[in-house]
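Let's take a walk through a protein model together. Have the sequence and the picture open side by side, and look things up as we go.

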Amino acid sequence: MALNFETLRNEYRDAFNEAFIQKDIAILETKSRSFNKTEIDLKPPLDQVFRDVLLEYLEKEADVLLLQDLVLFCIETCRKGLTTLTMPVVLLGDIFESLTLELCERMFTFVEEEVNVWKEELFFVSSKFFPFSERSGLNIVSEFNLENITEYGTEAVEDSVTEIEVGDKKNIVIDYSLYCKFWSLQDFFRNPNQCYNKMQWKLFCSHATSILGTFQGLKLDYIVKDSNWIDPKTKTPYFPKYLTNQKLLDLQIYDVNFRRFILLQFLILFQYLTSQVKFKSDSFELKQDQKDWVQNTTEKIYSLLAETPPDGEHFAQIFKNILRREEYWSTWKNDGCPEFKKSLSVTETFIDRKPPDKFNLGDTIKEANNAGKFYLGNSELTKLWNLYPDNLEACKAKDRDFLPSLETYFAEAIDQVESGVIVAEDEYLLKDANFGWRALRLMARRSPHFFSYSNNPFTQLSEYLEMMIKKIAADRPGQAQENNNQNDAELEANLFKPSEDIKKMDTDDLDDNYLKFKVAIFTYSQFDTFCERIAPNWKALAVKLGFKEDEIEFFDTKNGDRLEKTKNMLHLWFEDDDDSTLENFSYILEGLEMFEAADVVKQAIQQNEIQMNMT
């Protein structure tokens, strides 16, 4: 009798019924050996027998326990090599497609209980078929999960203000303002690229400084407690999302694990901002003063981790090692995920190697190409050429960047401008045409101020260079840090104080008639007219100007009527945004179809031009 597929299927069916009842795999093994066939011929009929039996059980609405026994029996046959490795998964798929949701829930529980047993087999199979450098599961392009939004309350809860006494120091108040600052940081952790925006960076630094200051003022005392609800197999509970109820914040701040989670998020964010990532935009780079702030804050965070019990110093050292290892991982991804293999140096491959009895140039060149090297016939030339096998990468190397820095090139000119001493015209660098030509070329490559828009045209190159030198001098590390500290204080005041203080802040730097900002000048009456026209739709304009939801919420809650909210918002925008010209303001209003307000702004532009021409 010919042993075709149907014959084997019927023969296996009789043996299967006996083996499944007795839970004895040996019966099937004996039956398989009796056929004197290969595994390729025997596995498909037995696979079909399992599916036939499963179909009969499903038609009879058999108990879930019987289906579970069938899956476990199939797993045992897989381990003995009688069926294909994917057969248990096929059976589970058929079961889930056929059962009701209530019965499927019981099957899911069964799968979760047995997954630890199956995991070892899965890893073994994966390691057998996939190379160690397999990259299919990697986040190669460094994408962020922007859908992971942390939502928190937008309105203050009554009796939610907690004042904590800290010895002889000033008491720490946990209120709605601190609550909003705390949870708004999660948006920066979700999308770190926001930190490269100037306005967002200031907001992040302000919130981070406030939160870390709170952590530093509230020391923790760790007490070991027994928790009956925690699984004894796990040391600490795990929650996939934060609980953001406002009444929980004062308790969360005292929780050891919660505080560690927040501090670790800061460290991970800082490593991304300061590291080289292949798919990061060229414009995403921190300035020197921002890097200094990140470094100082990182040291403060490690100090807080060391002070957080239990085993704070040991925990901080462990995470520092993890981040250091992450740098190697990032470098490997930047290099295109090359295979992990022992690289042979040029010396080992072909320089100091003893030549064979019969030298074959073709074989030597082939060996060099397989090793990713070049062979030039001379040991010194070969060594020199293989320092940078990729000529394009060699041209991009930092040691081939011969452009001087702005501070170095303009050092003498800055001294001449800031000293206030009258310099002879032939020695004044800003009057030197050669110096000016080189300065323009250097600023086009190095300075972000070179392409900034200005309303004031310059008739002489020396005037333009003097203005640019003042900006460059203000961006120096020491000066920039001082300016940033001042700007952070002003930002904090504008965001979290009511609008009645606006005129009090403005009058320090204004004359009797005009409001003067970075790139916009107009009168008090013109500003009031702007706000009156915009007040009915001020929230739509706030979103268009780039304000976040929490900032708009503060404008709404900290001011009285819509006119005061509009004044507070526009005053902050004109003061901090480098593009806040009246021309851009008019263009934005027209885009929002606020034509009456746009006409008022255009009239103000014309009036200011007439006034400037008269003066």
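## The big picture

How many helices and strands does the chain have? There are 28 helices and four strands. Keep in mind that this is a predicted model.

Of the chain's 615 residues, 36% count as buried. The chain exposes about 39,200 Å², and 51% of that comes from carbon and sulfur atoms. Now take the contacts between residues at least 6 apart in sequence: 68% of them join residues at least 24 apart.

## The largest nonpolar core

The largest nonpolar core holds 47 residues. Which of them touch the most other members? That would be Trp201, Phe204, Phe215, Phe266 and Leu273. Strand E2 (172-174) and helices H7 (176-190), H8 (198-217), H10, H11 and H12 each give two or more residues to this core. Helix H10 gives the most, with ten residues.

Apart from this core lies another one, made of 34 residues, including Ile27, Leu42, Leu46 and Tyr57.

Let's zoom in on Trp201. Leaving out residues up to four places away in sequence, Trp201 touches Gln194, Cys195, Leu273, Leu286, Gln290, Trp293 and Val294. Leu273 is on that list, and Leu273 is also one of the core residues that touch the most other members.

## Helix H12 and its partners

Next up is helix H12, which runs through residues 312-334 and has 23 residues. From its first C-alpha to its last, H12 reaches 33 Å, close to the 33 Å expected at 1.5 Å a residue.

Which residues of H12 are buried? They are Gly312, Ala316, Phe319, Leu323, Ser330, Trp332 and Lys333. The buried residues of H12 pack against helix H10 (256-274) and helix H11 (288-307). After H12 comes Gly336, which has a positive phi, near 90°.

Helix H5 (residues 87-98) has twelve residues. It reaches 17 Å between its first and last C-alpha, close to the 16 Å you'd expect at 1.5 Å a residue.

In H5, the buried residues are Met87, Pro88, Leu91, Leu92, Asp94 and Ile95. Why do they end up on the same side of H5? Because they cover an arc of only 160° around the axis. On the other side of H5, Val89 and Glu97 are exposed.

## Cysteines without partners

How many disulfides does the chain have, if the two sulfur atoms must lie within 2.5 Å? The count is zero. Take Cys74: its nearest cysteine sulfur belongs to Cys78 and is 4.4 Å away, so Cys74 is in no disulfide. Cys74 is buried, because its relative accessible area is 0%.

Cys205 is in no disulfide either, because the nearest cysteine sulfur, that of Cys195, is 7.8 Å away. At 4% relative accessibility, Cys205 also counts as buried.

## A lysine tucked inside

Helix H26 covers residues 562-576.

What does Lys565 contact, leaving aside neighbours within four places in sequence? Its contacts are Trp538, Phe555, Asp556, Asn559 and Gly560.

How values were computed. Residues numbered from 1 in each chain as written. Predicted model: local features only at pLDDT ≥ 70, side-chain atom pairs only at ≥ 80, totals over all residues. Heavy atoms only, no water. Buried < 20%, exposed > 50% of the residue type's maximum accessible area, 1.4 Å probe, protein only. Contact = heavy atoms within 4.5 Å. Areas by Shrake-Rupley, 256 points an atom, 1.4 Å probe, with all protein chains shown as cover. Expected span 1.5 Å × (residues − 1). Core = buried A, V, L, I, M, F, W, Y, C linked by side-chain atoms within 4.5 Å. Arc of directions from axis to C-beta.
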